[in-house]
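Open the model in your viewer and keep the selection panel at hand.

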Amino acid sequence: MTLSVEVTVQVAIALLPPELASITEAQWQQWLSCWLAQTQPIFALPPATTYGLTLRLGNDAQIQQLNQQYRQQDRATDVLAFATLDNGAVAAAIASEPLPEWELGDIIISLDTARAQAQGHTLRQEVVWLVSHGFLHLLGWDHPNAEQLEQMLQQQEHLLKQIQIPPPTR
């Protein structure tokens, strides 16, 4: 069975930078479908024909508001990921019939912070890197310690190489 990801891209800022405007929803879908086929989720994915997610590109003020509201951290950050996948949701979904679509969750990127972090590499590389990070979170990956962070960063490098985008230098 071929796994596919349907992506809804929401741009929550006035003007998308040209180097990102060239990345279409179809391109994101292709990349994320490739990543889904290449990545071992931490939890078993519920059976579905298609997996969906929303990718939102915004600014520091927007992501700071979400970070405060949902994580009680009153500061901007580069990426937030809100997964629908957890042990309870997976157990309930696996017990049921295969679904036509399963929503993985939402990835929110601050282009302000991404731009500031893109030192020695392009904004495009940084944003794709951050999307890969958020995507792994949607699949259950986390980094509560240095060892798991290193594993996650290595997986991000692998994902970017799969779509022929050089990972940012760390």
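A crossing is called right-handed if the near helix is turned clockwise from the far one by less than a right angle, and left-handed if anticlockwise. Keep in mind that this is a predicted model.

**Stop 1: α2 and α7.** Select helix α2, residues 25-38, and helix α7, residues 146-162. Their axes are 10 Å apart and the packing angle is about 130 degrees. Angles over 145 degrees would count as roughly antiparallel, and 65 to 115 as roughly perpendicular. The α2/α7 pair is therefore oblique. The crossing of α2 past α7 is right-handed. Now show side chains. From α2, pick Cys34, Trp35 and Gln38. From α7, pick Gln155, His158, Leu159, Leu160 and Gln162. These residues make the contact. Sorted by class, the α2 contact with α7 has four nonpolar and four polar residues, and no charged ones.

**Stop 2: α6 and α7.** On the α6 side, select Gln125, Val128, Trp129, Ser132, His133, Leu136 and His137. On the α7 side, select Met152, Leu153, Gln155, Gln156, Glu157, Leu159 and Leu160. Which classes make up this α6 contact with α7? Seven residues are nonpolar, six polar and one charged.

**Stop 3: an aromatic pair.** Over the whole structure, a search finds three aromatic pairs. One of them is Trp35 with Phe135. Their centres are 6.0 Å apart, with 50 degrees between the planes, and the pair is tilted. Trp35 belongs to α2 and Phe135 to α6, 100 residues apart, linking distant parts of the chain.

**Stop 4: positive phi.** Most residues other than glycine have a negative phi. Two residues here are worth a click.

- Gln72 sits in the loop between α3 (60-71) and β3 (79-83). Its phi is positive, about 55 degrees, although Gln72 is not a glycine. Gln72 has 60% relative accessibility, so it counts as exposed.
- Gln164 lies in the segment after α7. Its phi is also positive, near 55 degrees, in a residue other than glycine. With a relative accessible area of 68%, Gln164 is exposed.

How values were computed: Residues are numbered from 1 along each chain as its sequence is written. This is a predicted model: local features need pLDDT of at least 70, side-chain atom pairs count only at pLDDT 80 or more; totals for chains, interfaces and linings use all residues. Side-chain values use heavy atoms; hydrogens and water are left out. Axes are lines fitted to C-alpha atoms, for helices over the stretch in contact, and angles run from 0 to 180 degrees between N-to-C directions. Helices (H or I, at least four residues) and strands (E, at least two) are DSSP runs, numbered from the N terminus. Contact means heavy atoms within 4.5 Å. Ala, Val, Leu, Ile, Met, Phe, Trp, Tyr, Cys and Pro count as nonpolar, Asp, Glu, Lys and Arg as charged, and the others, Gly among them, as polar. Buried means under 20% relative accessible area, exposed over 50%, partly exposed in between (1.4 Å probe, protein chains only). Rings of Phe, Tyr and Trp (its six-membered ring) pair if their centres lie within 6.5 Å; planes under 30 degrees apart count as stacked, over 60 as edge-to-face and the rest as tilted. Angles under 35 degrees count as roughly parallel, over 145 as roughly antiparallel, 65 to 115 as roughly perpendicular and the rest as oblique.
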